[in-house]
Every structure is written in C-alpha cells, then in structure tokens.
Amino acid sequence: MRSTSYFYTLAIALTFIGCKPEAKQETKQELPETKVSVVQEMISPAGTSSSLPHLMSNKDVALLSWVETTGDTLKTMYYAELVDDIWQKPQAIFNGSDWFVNWADYPMITENNGSLWSHVLKKSTAGTYSYDIKMNVKPKGATEWKTDMPLHTDGTPTEHGFVSVEPYNDNFFVNWLDGRNTEENEVGERGAMTLRAGVVSTTGELLQEYELDDSTCDCCQTTSAITDNGPIVIYRDRSEEEIRDISIVRFVDGNWTTPKVIHEDHWQIKGCPVNGPKVAALGNEVVVAWFTGAENNPKVNVVFSNDGGANFQEPILIAEGMVMGRVDVLWMDQDKAVVSWMESKDKMAVFYTMIVSKDGSVSNKQVIAELDGSRKSGFPQMEIVEETLYFAWTEQSASTSKIQTAKMPVDAFTFN
C-alpha cells in the first residue's frame, strides 16, 4: 500500500519509453480511434471536492460510490443508485477525519439481493502507513447503515487495503492485501505483504478467513470474480527475484489452489508499480486485463480462459508505448469483452475503451474522456448494464476535483 514517490515516479516513467517489436506470443489487431464521440455525459450525483469513484452492477442494481472532502480532514463516503438511466439523490454512508485516503486504494460498495456492503480505510495509529479496513453493512430491510466494523482481526499497526468484493451466495466474498507480517520483530526483521480473503455475512460477520499468498506486491489493486467453480482472485505477485507478474488463486472443491502466474511477463521491478489487474467471469468463462512494464515496454494485455481460470489462452495485446495502465474489463457476451485503460498524451491522460474478442480481433478504440495526467485522476471505472456502458472518473482542476459520469451504447463499437 505504500505509494512512495520513488515507486510512483518509476511507474510513470515506464509509460514514456518507446515501443519494441510485438512479442511473438501476443496478437494485436487495432482499428483507428473513433473521431465522432458516441459518449454521452450524465449528470453526476457527486458534489465538489469528490474523488475515488467505484462503479458496480449486480443483476438489475447499479451503484456508484465516492468520497467527498469537507475542510481539510473530514471525509464522507456517498453512494447513488442508477434508476432509469439517471443517478438518484446521493446518500451518505459514513464519515470521519481519521481515514487513510489514497489515490489508488479507493473505497468500494456492492449489493447482494437488497443487502449493501461498503468499506473505508481508517488509521489505526499515528503512523502514516498504519491503517485498517472498516466495513459498513446495510442488510435488506434495514433503514440505517451499521458502520466502522473490523474486517480483519490481527490488530497489528500495519497496512491493510486494496480490497475487492463480490456478491457470493447469500453473503459477500472479500479479499485484501494484509500487512500483518510486515510488523518489525524484536531483531528488526519484517515479513512480506500477504493476500487474504474471507466470506462476510450481510450483517458484517466474518464467517471464514483464508491466507491465499504469503508474499505479494505491496500496493497493486486486487480483483476477484465468482465462477461456476467458485471464487477466484487475480493479483500482482512477487517472487524472491522481484518478478511481479499477475497470478491467480482459485477456490475449487473446498480448497484454495496454489498461486499460479497467468502469463510470464517476467517484469522484474524493485518497487511496486501501483497498477493492478481486473477480472470478470461469466460462468466459467474468465477474462483478465492487466498492465506490464516488462522489457521497458509498457503494455495492456487481455487473456481469456474457458475453464474457470485453470488455464489461459495466449495474451492479446491491447495497447503499448505511452500506456499508463489503470485497466478495467467486463464481459459483453460469451465471446467478447470490453476493456478500458489510460494512455499518456501531452501531459494529459486519455481514458480509452474497446471491445476484444476471444479470437483476438478488436474494435475501434473509443475516447471516453481526457484526464489530468497525474495520479490525482485515480482509476477510472466502467460497468455494463444491459446494452449500455457506464463510466466514472475524477476530473481535476487547479482548485478542486469532481466525479464525472458518462454512458455509451455497446453497439457503437465497430469491427473490420
């Protein structure tokens, strides 16, 4: 979770390195960028000084959450529901002046059959990188949120965050990066960041907890999905040689599998790039998008699996060169997925999206928005509801920030 200036500078510097020839194992077919925009602006439910958006949809429910700042320290988490293509009146969940707020580690909300779950990061001591994950739940039929509930119970003054959450049966499946082993011991030694997961009830009770990997990258987002076989978690791993490629763990027949790299990029980097993957599942069809800076050639790749993530096809190259990553991916149907990412352009950043098919063909790429090129723009969000894509991002000005939202029909993309 530690986002030092060294790590950030290293990650951004990689986006300005020139292109190299395409790797043999990757395929890429690209059509020109769309010049006539089909993106429609929406009235955002967020106020001024808002940031850290998170979009989710589940069946017929779509929600947007974000954080607003009042004064210097007071933070409030809000959410709004999408009804008939309009964002409804925002509702407050929880506020505090002791939150850990980070551009890359944003609070989230999700829904399961009328019950709501959300989280924030709250400082546990005066130390900069000492904070906990606090859950908020609103069971179906409840009128008030139950807030400030602990997710993990280790009690160590260390880093906990980079959550992903999915509706799971009648509960919620939650996973996170956990720094309990990084606390310095009596001889000055520190362990590694770990990946943990749990099943949480709609009333906020941690029903089960697991350690999934005992050494991972410190501050890249995790991502999860529920396949027909069970939950899967995708994340940036970390080897003893500082190889930080993307790995998967799967819950199969009541047990978690050993971590497995989905594709060997061989990205050796001493600092965390703060750039995690995204996964989506449709039955046992799985699609993963991720950023890599291996061989000094920044890329966004997409890969498909038809067996719940046990095996993956060869990667499809989506973009390279001036790539910043910050990806998202969704299923459009059983053969096609929608992927989004960011690229650098004249000190700005462009938020792109396109459709990619299992056979490697891709659509035109559509510009969703031009953003501030710094980390203040955060991680843009994308969701699909029926035949419409919805987007949310942070628009940064000299004096403030504000969440913006937009939509576009999925049939606006074109192929050769």
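A pocket here is an open set of points on a 1 Å grid over the protein atoms, with protein on both sides within 12 Å along at least five of seven lines. With that in hand, let us work through this predicted model.

**Exercise 1.** Describe the second largest pocket by its volume, its lining and the elements that supply the lining.

*Solution.* 
- Step 1: the volume of the second largest pocket is about 540 Å³.
- Step 2: its lining is made up of 24 residues, and Ser51, Val101, Asn102, Trp103 and Lys376 lie nearest the centre.
- Step 3: β2, β3 (61-70) and β29 (388-396) each give two or more residues to this lining.
- Step 4: sorted by type, the lining holds seven nonpolar, 14 polar and three charged residues.

**Exercise 2.** Do likewise for the largest pocket.

*Solution.* 
- Step 1: the volume is about 1100 Å³.
- Step 2: 43 residues line the largest pocket, with Ser57, Glu166, Ala281, Leu330 and Glu383 nearest its centre.
- Step 3: strands supplying at least two lining residues include β2 (50-58), β11 (160-168) and β20 (278-282).
- Step 4: this lining divides into 21 nonpolar, 14 polar and eight charged residues.

**Exercise 3.** Work out which strands stand at the edges of the open sheet that contains β20.

*Solution.* 
- Step 1: write down the order of the four strands, β20-β21-β22-β23, with antiparallel pairing.
- Step 2: β20 and β23 (316-320) each have a single partner strand, so they are the edges, with one side of each lacking a neighbour in the sheet.

Key: Residues numbered from 1 in each chain as written. Predicted model: local features only at pLDDT ≥ 70, side-chain atom pairs only at ≥ 80, totals over all residues. Heavy atoms only, no water. 1 Å grid on protein atoms, 1.4 Å probe; cavity = no way out; pocket = protein on both sides within 12 Å on 5 of 7 lines; lining within 4 Å. Points joined across faces, edges and corners; volume = space filled by probe spheres on them. Nonpolar A, V, L, I, M, F, W, Y, C, P; charged D, E, K, R; others polar. Pairing = 2+ DSSP bridges.
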